[in-house]
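Visitor: I'd like to learn how to read a few features of a protein model. Could we go through one together?

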Amino acid sequence: MKNKIEIGVIKIVLLIGFVSCQIQGLNINYKRLNESEKGYFVPYNPELLFQKVNNDLGTLKIQQISSDTIKEILLRYPFVCYYSWVPYCSSSKCENLKFYSDLEERYKQWDLRFLIVNETYDIADIKQRVLTSGFDKQLYVIEHNKEKYGENRNKVLRKFMKEINGTDQIYSYQFYYKSQLIYQGYECSENIIDSLVKCYIKK
């Protein structure tokens with residue numbers, strides 16, 4: 001009984017955190033960018049995919065990525081986690097992007113890759129999180145296409161997700177193995193990854 005209560009509390013806390021992030025940002029905020037700030041967002045460059053990059057203030061670039069490109073990546077790399085990142089989220093795993101670099105190293109044997117995709121264009125929050133965490137991998141953002149997606153964050157996410165995996169459900173983490181969705185949820189941990197490796201990869 002106690003375990004059930006504890007699990008229930010954890011689920012409520014995770015849900016509250018997710019909802020608060022959803023409420024805080026109703027739009028993707030591209031239209032708030034000035035011309036100088038737009039310069040941080042560049043086209044997708046396949047040569048930098050999963051490579052270490054210099055994310056210093058003077059060199060930081062966030063690549064706009066399409067759903068078609070993501071589907072190509074899922075076909076090319078067997079074990080990928082798509083992380084739908086909210087740059088102003090206050091949870092420890094949102095703030096510490098280095099956590100995902102460390103997980104890639106921890107599961108290097110299984111070739112785990114994290115594809116971190118911003119939900120919004122809030123450049124001030126993005127810079128703060130990247131610079132304070134020491135994150136050294138390429139960051140992405142959902143391509144800006146007002147005609148196709150609009151500006152409402154929830155609608156953009158639902159349309160984008162449906163193009164990737166056929167559903168419009170929004171989760172922070174989606175793990176794919178051989179382009180097939182094997183887990184989606186609001187939490188990422190070594191226990192979850194260990195279970196996925198055991199069930200789908202290490203046979």
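Visitor: Let's start with Y173: is this residue buried or exposed?

Guide: Keep in mind that we're looking at a predicted model. The cut-off for buried is under 20% relative accessible area. Y173 has a relative accessible area of 3%, so Y173 is buried.

Visitor: And what about the rest of β6, how many of its residues are buried?

Guide: 5 of its 5 residues are buried, so the strand is mostly covered by the under 20% cut-off.

Visitor: Which way do the side chains of β6 point?

Guide: Here's the general idea: in a regular strand, side chains alternate between the two faces of the sheet. In this case, Y173, F175 and Y177 point one way from β6, while Q174 and Y176 point the other way.

Visitor: Which strands does β6 pair with?

Guide: Look for bridges. Strand β3 (residues 79-85) is joined to β6 by 5 bridges, and the two run antiparallel. C81 has F175 as its bridge partner in β6. Then 5 bridges join β6 to β7 (residues 180-185), again running antiparallel. Here Q174 stands opposite Q184 in β7. The hairpin of β6 and β7 has 2 residues between the strands, and K178 takes a positive phi near 55° in it.

Visitor: How do I read aromatic pairs, and how many does the structure hold?

Guide: Check two things: the distance between ring centres and the angle between ring planes. The structure holds 15 such pairs. Take Y30 and Y121: their ring centres are 5.1 Å apart and their planes sit at 85°, so the pair is edge-to-face. Y30 is in the loop between α1 (2-24) and α2 (35-38), and Y121 in the loop between β4 and α6 (123-133), so the pair ties together parts 91 residues apart in sequence. Both Y30 and Y121 are buried.

Visitor: What kind of pair do Y100 and Y173 form?

Guide: A tilted one, with 6.2 Å centre to centre and 40° between the planes. Y100 is in helix α5 and Y173 in strand β6, 73 residues apart, so to speak a link between distant parts of the chain. Y100 counts as buried, at 1% relative accessibility. Both tyrosines belong to a cluster linked by ring pairs, whose members include F79, F99 and F175.

Visitor: Last one: which residues lie nearest the centre of the second largest pocket?

Guide: S101, E104, E105, K108 and K137, out of 15 lining residues. The space in this pocket is about 330 Å³. Helix α5 gives the largest share of the lining, 5 residues. By class, the lining has 10 charged, 3 nonpolar and 2 polar residues.

Methods:
Residues are numbered from 1 along each chain as its sequence is written. This is a predicted model: local features need pLDDT of at least 70, side-chain atom pairs count only at pLDDT 80 or more; totals for chains, interfaces and linings use all residues. Side-chain values use heavy atoms; hydrogens and water are left out. On a 1 Å grid over the protein atoms alone, a cavity is a set of points where a 1.4 Å probe fits but cannot get out, and a pocket is an open set with protein on both sides within 12 Å along at least five of seven lines; lining residues have an atom within 4 Å of a point. Grid points are joined across faces, edges and corners, and a volume is the space filled by probe spheres set on the points. Helices (H or I, at least four residues) and strands (E, at least two) are DSSP runs, numbered from the N terminus. Ala, Val, Leu, Ile, Met, Phe, Trp, Tyr, Cys and Pro count as nonpolar, Asp, Glu, Lys and Arg as charged, and the others, Gly among them, as polar. Rings of Phe, Tyr and Trp (its six-membered ring) pair if their centres lie within 6.5 Å; planes under 30 degrees apart count as stacked, over 60 as edge-to-face and the rest as tilted. Buried means under 20% relative accessible area, exposed over 50%, partly exposed in between (1.4 Å probe, protein chains only). Two strands pair if DSSP finds at least two bridges between them.
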